[in-house]
Amino acid sequence: MEQQLVNLLMFIIPSLITGAVAYLFFREHVENESRRRDYLIQKDLQKDALPMRLQAYERLSLFLERIKPAKLLVRVNPTSSSKEDYESLLIANIEQEFDHNLAQQVYVTDQCWSITSTAKNATIQMIRKVALSDKVNSADKLREVLLTDMIDKRAPSDAALSFIKEEVSNLW
């Protein structure tokens, strides 16, 4: 009886070892195949998403260029001599441009969108601050003071444009 038990163990132990090795091998193989499949899916998604992301960065760059006060003031002419009307027209133009590009936030990082939004708000605040000045009494004077101020300092959108350029360079 004891000999039969030893013989039985001599058959069972190698079978168990072979089964365990086979199990570990197949488990590793399945995991590798799963990672490979995920990698290929991600690679295909990136191939399709990269052009869309680049287009979003381009559109945000264009937006930031268009809201630079020097370019905005040349493009948007006052409809009356009232500084309040012109201030409202400039701000409405900026908001309209921003609204037109709202969907781009899906394709860029949260930080990039936040910086772009901050640049927009800073530009609006700059226009409002100048419009509140006592030395500004007409739309033409508002344009003049805004342009003069831009000679001495950078537009708020310049920092956002630099950030976008940096972020796009990191995509490669």
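Biologist: Start with Phe98. Is Phe98 buried or exposed?

Modeller: Phe98 is buried, with a relative accessible area of 9%. Keep in mind that this is a predicted model.

Biologist: How many aromatic pairs do you get?

Modeller: The count is three aromatic pairs. Phe63 and Phe98 form a tilted pair, because their ring centres are 5.7 Å apart and their planes sit at 55°.

Biologist: Why does that angle make the pair tilted?

Modeller: Under 30 degrees would be stacked and over 60 would be edge-to-face, so 55° falls in the tilted class.

Biologist: Where do Phe63 and Phe98 sit in the chain?

Modeller: Phe63 is in helix H1, residues 2-66. Phe98 is in helix H3, residues 83-100. They are 35 residues apart, so the pair links distant parts of the chain.

Biologist: And Phe63, buried or exposed?

Modeller: Phe63 counts as buried, at 1% relative accessibility.

Biologist: Which residues do the ring pairs link into a cluster?

Modeller: Phe63, Phe98 and Trp113.

Biologist: What charged end sits over the ring of Phe98?

Modeller: That of Lys120. The charged end is 4.5 Å from the ring centre of Phe98.

Biologist: Switch to H3 itself. How many residues, and what span?

Modeller: H3 has 18 residues. From first C-alpha to last, H3 reaches 26 Å, close to the expected 26 Å at 1.5 Å a residue.

Biologist: Which residues of H3 are buried?

Modeller: Lys83, Tyr86, Glu87, Leu90, Ile91, Asn93, Ile94, Glu97 and Phe98. They cover an arc of only 150° around the axis, which puts them on the same side of H3.

Biologist: Why does that kind of spacing line up?

Modeller: An α-helix has 3.6 residues a turn, so residues three or four places apart point the same way.

Biologist: What does the face turned away from the buried side carry?

Modeller: That face of H3 carries the exposed residues Gln96 and His100.

Biologist: Now Gln104. Where is Gln104 found?

Modeller: In the loop between H3 and helix H4, 110-132. Gln104 is buried, with a relative accessible area of 8%.

Biologist: What does Gln104 touch?

Modeller: Leaving out residues up to four places away in sequence, Gln104 touches Ala56, Arg59 and Leu60.

Biologist: Last one, Gln55. Where is its place, and how accessible is Gln55?

Modeller: Gln55 is in helix H1. At 45% relative accessibility, Gln55 counts as partly exposed.

Biologist: How far is Gln55 from Val108, in sequence and in space?

Modeller: They are 53 residues apart in sequence. C-alpha to C-alpha, Gln55 and Val108 are 10.0 Å apart.

Technical notes. Residues are numbered from 1 along each chain as its sequence is written. This is a predicted model: local features need pLDDT of at least 70, side-chain atom pairs count only at pLDDT 80 or more; totals for chains, interfaces and linings use all residues. Side-chain values use heavy atoms; hydrogens and water are left out. Rings of Phe, Tyr and Trp (its six-membered ring) pair if their centres lie within 6.5 Å; planes under 30 degrees apart count as stacked, over 60 as edge-to-face and the rest as tilted. Helices (H or I, at least four residues) and strands (E, at least two) are DSSP runs, numbered from the N terminus. Buried means under 20% relative accessible area, exposed over 50%, partly exposed in between (1.4 Å probe, protein chains only). A charge sits over a ring if NZ of Lys or CZ of Arg is within 6 Å of the ring centre and within 35 degrees of the ring normal. The expected span of a helix is 1.5 Å times one less than its number of residues. The arc is that of the directions from the helix axis to the C-beta atoms. Contact means heavy atoms within 4.5 Å.
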